[in-house]
Each structure stands twice: as structure tokens, then as C-alpha cells.
Amino acid sequence: MFIHLGGNRMIRIREVIAILDAGAQRTQTVTDPLIEAAMKEGKMEQISPEEIKSYVITDDKVYASPISSVTLKKRADFHLKQWK
């Protein structure tokens with residue numbers, strides 16, 4: 001199963017480790033160092049020039065998505081329910 005992250009980007013649901021809200025204050029202490037490290041290592045992919053609303057973390061990359069974390073979670077849950 002795949003999840004659409006915005007633009008033309010889709011990834012396998014099983015690759016997703018976490019979906020984080022880009023605007024949440026409490027997650028910024030965790031995400032800021034993670035995002036900075038991903039950018040330095042060339043492992044950050046901004047999906048579109050639109051506002052970043054969420055970060056999707058995988059083993060290989062961090063995707064900056066214009067789609068909200070709530071919407072991405074609903075998409076993932078929907079596909080997982082369909083698969084069962």
C-alpha cells in the first residue's frame with residue numbers, strides 16, 4: 001500500500017516511521033535537530049514549494065509535506081483498513 005504525500009510523491013506505508021506536525025510547538029525540540037541533520041546529509045525532500053505542514057520520517061529520508069499530519073494519518077489508516 002502507498003500513501004500520497006503531496007505533489008507527485010507517494011511512498012509505501014510500511015516505510016513510514018513517523019508523521020510529525022510541522023507546526024506543533026512541543027515537537028519542535030525533537031524535529032529541529034532531526035530536520036537539520038537530514039538537510040545536512042542531503043536526506044530532506046521538500047515535496048512542493050507550498051507551506052510545510054508535516055514531516056514524514058522514513059529510514060532513508062525526511063519528507064516535508066504540504067499536507068497536514070492529520071490528513072496523512074487518515075490516508076494511512078484508510079489504506080491499512082482496506083488491506084486487512
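Here are some questions and answers on the predicted model above.

The model is predicted, with local features needing pLDDT of at least 70 and side-chain atom pairs counting only at pLDDT 80 or more, while totals for chains, interfaces and linings use all residues. Residues are numbered from 1 along each chain as its sequence is written, and side-chain values use heavy atoms, leaving out hydrogens and water.

Reader: In what order do the elements of the protein run from the N terminus on?
Author: Helices (H or I, at least four residues) and strands (E, at least two) are DSSP runs here, numbered from the N terminus. Reading from the N terminus, the order is β-β-β-α-β-β-β-α.

Reader: Which strands stand at the edges of the open sheet?
Author: Four strands make up this open sheet, with mixed pairing and the order β3-β5-β6-β4. Two strands count as paired if DSSP finds at least two bridges between them. An edge strand has a single partner, so one side of it is left without a neighbour in the sheet, and that applies to β3 and β4 (44-46).

Reader: And what does the twist average from one strand to the next?
Author: Axes are lines fitted to C-alpha atoms (for helices, over the stretch in contact), and angles run from 0 to 180 degrees between N-to-C directions. From one strand to the next, the twist averages 20°.

Reader: Which residue in β6 is the bridge partner of E45?
Author: β4 runs parallel to β6 (residues 62-65), and three bridges join the two. For E45, the bridge partner in β6 is Y63.

Reader: Is A24 buried or exposed?
Author: A24 sits in the loop between β3 (18-21) and α1 (25-40). Buried means under 20% relative accessible area, exposed over 50%, and partly exposed in between (1.4 Å probe, protein chains only). The relative accessible area of A24 is 16%, so A24 is buried.

Reader: How far apart are the C-alpha atoms of A24 and K53?
Author: Along the chain, A24 and K53 are 29 residues apart.
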